[in-house]
Amino acid sequence: MIDQIIQMTLNLDMPQMSVLEWIITLGKFAFVFIPLAFIVVMIFMERKGASLIQDRLGPNRSALPVFGGLRFFGFVHNFTDGIKLFTKETFIPTYAHKVWYVVAPGIGFLVAFLTPAVIPWFAPLTWWTGDHISQVSGMIIDSDTGILLMFALSSLSIYGTAMSAWASNSKYALLGGMRATAMMISYEVSMGLSLMGIFLLAGSFNLQHIVAWQEAHVWGIFVQPVAFFVFLTSMIAETGRAPFDVAESESEIVAGYHLEYSAMRFGLFYMGEYAHIVIASIIIATLFLGGYAIPFVSTDLLRAHVDIALALCLGGLGTMIGGFHLMVRRWKKVYATMGAKDAGTRNREYSFLQFTSGVASPVVLALAVAVFFLLNPMAATTVDGTPIFPAWVSIAAAAVQVVVLIAKAFLFCWIWIWVRWTLPRFRYDQVMSLGWKILLNLALVNLVVTAIIAKLVTGVR
Amino acid sequence: MAKVIQRRSLTLLERSYLWEIIKGMGTTFKHLFRNFKNPEKMQLMSYPEVEVQTPQNYRGSHRLMKRPDGEPRCVACYMCSTACPARCITIEAEPSSDPRIEKKPRKFEIDWLVCVFCGLCEEACPVDAIRMDTRKVAISHYTRKEFIADMPRLLNWDPKDFPANDAQSQKAPGGKQNQQAKQIWGLEVKHS
Ligand code: SF4
Ligand code: SF4
């Protein structure tokens with residue numbers, strides 16, 4: 001039986017894939033880890049954002065034991081937190097259902113690995129191999145179900161929540177789980193409906209097509225501002241963050257569904273929440289902010305001038321390092337006036353950071369200039385007036401597009417943090433009435449209006 | 001006189017909630033931007049590297065006062081341990097070698113893990129033997145045992161940390177050296 005299947009697969013009339021195509025196709029799976037990589041930065045961002053909003057400095061005490069302690073302004077806390085979570089006692093309450101209790105935290109976290117599969121990270125790669133055109137899609141799963149698959153996967157995470165709530169056999173956890181489930185049911189509806197407008201305009205569920213449509217016409221946020229608002233609100237509610245964190249409201253039900261969890265099991269919930277935010281940010285950036293597309297620059301234009309794009313990216317990085325250098329210099333002066341006992345140690349660290357960033361910044365800027373002058377993207381051939389470039393140009397352009405998408409996603413990650421540290425928590429009934437009475441109606445009206453306008457303007461579909 | 005405050009009804013813009021959210025987010029962003037731009041203007045102190053200046057009358061951890069001859073001033077009357085709501089003072093008395101004083105403590109222990117720093121012991125003491133003016137509140141140790149302050153620890157304080165012009169906070173009078181007591185109190189301690 002299995003032999004037959006393998007035989008059938010091998011006999012399929014598949015186009016022969018070159019080594020480079022194989023490498024890229026398999027290498028794309030690395031994008032699965034992008035939400036995880038984001039988490040590290042996101043937790044740091046959350047802490048610093050929160051502390052600066054509240055007029056304080058935020059945690060900054062754990063240090064790497066080199067050069068008399070490198071604190072990196074608190075970035076090291078991520079790693080010490082990780083060590084703490086991994087080495088704490090993993091406790092299972094006596095009356096918990098052992099199996100579901102252990103399995104539940106993994107579900108929400110697992111989903112974070114699955115959803116990046118349908119996101120277009122870059123425009124489809126096309127390059128001229130010498131005798132034919134190779135093509136690799138920018139998504140891991142290039143399927144026309146696209147966003148629907150993503151919704152299906154991301155709503156699976158609620159099973160983890162509900163299961164953990166039920167399995168921990170605690171009243172508070174159960175209440176939290178019920179609330180999370182109710183929220184998810186009410187907000188999923190308006191979330192899906194709010195997107196119908198943009199599907200209508202793009203004419204596809206495939207995220208790649210939606211981005212291509214935005215690249216060719218205009219960003220989704222300009223044609224669908226209402227949908228953007230509804231979707232953003234529903235997404236914030238979906239991730240269960242303030243002001244919609246009724247599921248874990250510590251003033252009423254202690255910590256909600258993860259009340260009975262400790263150590264890394266709790267850590268999985270914690271990281272799952274952040275991963276969910278990252279995924280949501282990437283999805284919003286893809287749907288409403290043009291995804292990987294740079295405004296007014298089509299993919300072909302980007303490929304033709306990939307040297308400029310790379311130089312600009314590197315230049316931006318160099319400028320950011322330079323900004324960091326200035327910031328450290330400033331803060332060094334401030335700290336010296338505080339009269340702290342450890343002023344010497346800190347001064348050494350700040351001098352070290354100042355020196356490294358002071359060297360790195362010009363080096364990166366010089367690299368940017370070198371890239372601009374040395375690289376020279378030339379079209380290898382032309383098909384129907386469209387220039388086809390060699391492989392390295394396509395890959396470099398794809399790298400730039402990934403950077404653009406990540407930058408846009410960061411913007412939304414910041415909105416999540418910003419909203420959380422601004423707004424107080426809604427009451428449970430307010431959350432429900434906002435979801436059912438306002439957002440759902442807005443989404444429906446938006447769909448109808450979009451449909452009418454699309455019919456009037458384009459006259460087809 | 002009671003003052004009636006009329007509740008202002010919300011305007012349409014305020015009731016829409018969205019505008020107020022944007023205003024609130026503006027406020028938080030203003031804070032973020034200001035603190036990022038001028039970190040030195042933040043009202044903060046890099047504790048514990050920077051010493052916090054607490055006022056002299058701040059109620060911190062305890063110390064036992066001494067007589068001029070270095071003996072504890074405490075007369076083991078158990079007033080403080082009776083007054084203590086947390087029951088964290090343990091005293092064991094023994095006869096005093098000074099003929100004018102009946103008892104002195106052999107053991108005097110305060111469990112700082114149990115203490116609620118209410119200051120009632122300080123109030124209760126009839127001879128001003130226990131004080132809470134060390135201004136030390138951050139007590140941190142690795143074992144529970146270390147949190148129990150015994151008599152040598154309570155007696156071990158540096159007169160330099162306390163105001164020099166306040167003689168009473170330096171050394172409690174009494175005991176054998178009447179001359180010194182006279183200097184500080186201005187009166188002699190009577191022999192029995
Ligand atoms: S401060 Fe209060 S609780 Fe602490 S020892 Fe004195 S009386 Fe007891
Ligand atoms: S410290 Fe004061 S109240 Fe407590 S036993 Fe000694 S003399 Fe009495």
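Predicted model: local features only at pLDDT ≥ 70, side-chain atom pairs only at ≥ 80, totals over all residues.
Let me begin with one residue of chain A: Cys413(A) is buried, its relative accessible area being 0%.

A disulfide is a covalent bond between the sulfur atoms of two cysteines. Can Cys413(A) have a partner, or is the closest cysteine sulfur too far for a bond? The closest cysteine sulfur belongs to Cys313(A) and lies 18 Å away, whereas a disulfide requires the two sulfur atoms to be within 2.5 Å, so this pair is too far apart for a bond. How many disulfides does a search of the whole structure find? Over all chains, the search returns 0 disulfides.

I turn now to chain B. Of its 192 residues, 34% are buried. The chain contains 7 helices and 5 strands, and along the sequence these elements run in the pattern α-α-β-α-β-β-α-β-β-α-α-α.

The two ligands come next. Which residues are closest to ligand 1? They are Cys84(B), Cys115(B), Cys118(B), Gly119(B) and Cys121(B), in a shell of 14 residues. By class, that shell comprises 12 nonpolar and 2 polar residues, with no charged residue.

Ligand 2 is likewise surrounded by 14 residues. The closest are Cys74(B), Cys77(B), Tyr78(B), Cys80(B) and Cys125(B). Here the shell is made up of 14 nonpolar residues, with no polar and no charged ones. Cys80(B) has a relative accessible area of 8%, which is under 20%, and therefore counts as buried.

Rolling a probe the size of a water molecule over the atoms shows where empty space is left. How many cavities of 30 Å³ or more are there? The count is 5.

The space that ligand 2 takes is the second largest cavity, with a volume of about 90 Å³. Its lining has 15 residues, and those closest to the centre are Cys74(B), Cys77(B), Cys80(B), Cys125(B) and Ala129(B). By class, this lining has 15 nonpolar residues and neither polar nor charged ones.

The largest cavity holds about 460 Å³ of space. It is lined by 30 residues, of which Ser157(A), Thr161(A), Glu238(A), Tyr257(A) and His276(A) are the closest to its centre. In chain A, helices H5 (98–114), H7 (157–167), H8 (171–202), H11 (225–238) and H13 (263–288) each provide at least two lining residues. Which helix gives the most? That is H13(A), with 7 residues. The lining divides into 16 nonpolar, 11 polar and 3 charged residues.

Finally, I come to the largest pocket, whose volume is about 1,600 Å³. Among its 38 lining residues, Phe44(A), Lys48(A), Phe324(A), Met327(A) and Phe36(B) are the closest to the centre. Two or more residues come from each of helices H3 (34–53), H15 (306–336), H16 (343–374) and H17 (391–420) of chain A, and from helix H2 (18–37) of chain B. H15(A) gives the most, with 9 residues. By class, the pocket lining has 26 nonpolar, 5 polar and 7 charged residues.

Technical notes: Residues numbered from 1 in each chain as written. Chains lettered and ligands numbered in written order. Heavy atoms only, no water. Near = heavy atom within 4 Å. 1 Å grid on protein atoms, 1.4 Å probe; cavity = no way out; pocket = protein on both sides within 12 Å on 5 of 7 lines; lining within 4 Å. Sits in = over half its atoms within 2 Å of the grid points. Nonpolar A, V, L, I, M, F, W, Y, C, P; charged D, E, K, R; others polar. Buried < 20%, exposed > 50% of the residue type's maximum accessible area, 1.4 Å probe, protein only. Points joined across faces, edges and corners; volume = space filled by probe spheres on them. Helix = DSSP H or I, 4+ residues; strand = E, 2+ residues; numbered from the N terminus.
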